[in-house]
Amino acid sequence: MPKNDMKKILITGAVGQIGSELTLALRKKYGKENVIACGRKTKPSDGLLKSGPFEYIDITNRETVEQVVKEYDIDTIYNMAAILSATGEEKPLLCWNVNINGLYNIIEIAHEYNMTRVFVPSSIAVFGPETPRINTPQETILKPKTMYGVTKVAGELLGDYYFKKFGIDVRGLRYPGIISSETLPGGGTTDYAVNIFYEAIKNKKYTCFVKKDTILPMMYMPDCIKATMDIMEADISKLKHHCDFNISSMSFSAGELADEIKKHIPDFKCDYKPDFRQAIADSWPQSIDDTAAKNEWGWKPFYDLQSMTKDMLEKLGKRNKEGKL
Ligand code: VAH
């Protein structure tokens with residue numbers, strides 16, 4: 001298939017943390033009328049609504065997805081709808097239903113309508129305490145201790161199965177924690193790394209729900225968006241992996257993040273009161289080996305802790321001055 005063979009794209013979870021920014025990036029590249037943003041119930045922002053078509057669907061209800069696929073002649077799906085790790089521990093059945101039954105509907109529809117490609121996000125949550133935590137290998141033990149992690153391992157295996165059995169071109173990335181300035185995350189263990197910026201600007205103080213020395217792999221949203229679009233454009237003949245690429249850009253502790261923010265807001269105070277999410281964070285890697293992504297499709301991050309912090313504080317500071325934070 002030619003490289004830019006994605007002509008009509010459906011993106012689920014389009015009002016979420018990644019989905020809301022990915023929608024705008026896809027519209028910029030492929031044309032706003034060619035990207036159908038879909039959400040389940042959260043009202044999209046005026047900006048998102050103005051940027052192109054929006055439809056309400058529920059990926060756990062196959063008919064609602066199929067209706068949009070037929071109406072817009074969809075040939076590519078980015079399935080960004082998901083229940084994240086913390087919410088998944090509070091509501092494990094909902095997590096399974098959305099992340100697996102919903103995913104199954106998406107992949108089966110892609111199969112039935114012979115679609116060009118499907119993007120299925122995975123996560124470092126596929127790893128568990130038995131996995132080497134430093135420079136975690138691409139091929140290693142996957143024994144997650146969260147329902148979210150279980151659904152991500154199952155999602156990778158389902159995608160690979162459909163690729164091998166039916167030739168459905170399913171691709172996926174093991175996202176680290178994603179930090180962004182436009183849409184707050186919801187229900188993730190890494191949400192502290194986003195909330196800290198908002199609180200630092202609004203209140204000059206933040207109580208972090210993991211310990212100061214908790215180190216996790218993180219990525220700034222612009223790099224996440226680039227990786228997601230690059231993998232979907234990659235030449236399939238060069239890919240040895242499909243649904244489970246490790247990707248990485250930086251790792252830092254909650255304390256190092258707070259110190260970097262203090263370089264810009266000197267009187268910012270951060271204290272630490274770990275909750276149930278500490279155990280989830282402790283089961284995940286501290287750093288990731290993404291050699292496969294670099295070799296197979298040229299993955300290369302741009303942002304580091306310093307440049308991300310500067311950009312985040314500039315963007316949020318501007319919105320705060322406009323009374324929009
Ligand atoms: C979560 N943000 O915290 C997600 C992500 C690696 C973490 O998958 O659940």
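**Exercise 1. State the area buried between domain 1 and domain 2, and the share given by carbon and sulfur atoms.**

Solution. Start with the term: buried area is the accessible area (1.4 Å probe) that two parts lose on being put together, summed over both. Between domain 1 and domain 2 this area is about 2600 Å². Carbon and sulfur atoms give 58% of it. Q17, R133 and Y220 supply 31% of the area that domain 1 buries against domain 2, more than any other three residues.

The model is predicted: local features need pLDDT of at least 70, side-chain atom pairs count only at pLDDT 80 or more, and totals for chains, interfaces and linings use all residues. Residues are numbered from 1 along each chain as its sequence is written, and side-chain values use heavy atoms, with hydrogens and water left out.

**Exercise 2. How many salt bridges cross the interface of domain 1 and domain 2, and how many does the structure hold?**

Solution. Apply the rule: a side-chain nitrogen of Lys or Arg within 4 Å of a carboxyl oxygen of Asp or Glu. Across the interface of domain 1 and domain 2 it finds 0. The structure holds 20. One of them joins K29 and E233, with the closest N and O atoms 3.9 Å apart. K29 sits in helix α1 and E233 in helix α8, 204 residues apart, so the pair links distant parts of the chain (helices are DSSP runs of H or I, at least four residues, numbered from the N terminus).

**Exercise 3. Classify the aromatic pair of Y162 and F166.**

Solution. Ring centres of Phe, Tyr and Trp (its six-membered ring) must lie within 6.5 Å; planes under 30 degrees apart count as stacked, over 60 as edge-to-face, the rest as tilted. The whole structure has 12 aromatic pairs. For Y162 and F166 the centres are 5.0 Å apart and the planes 50° apart, a tilted pair. Both lie in helix α6 (residues 147-166), 4 residues apart, so about one helical turn separates them.

Key
Helices (H or I, at least four residues) and strands (E, at least two) are DSSP runs, numbered from the N terminus.
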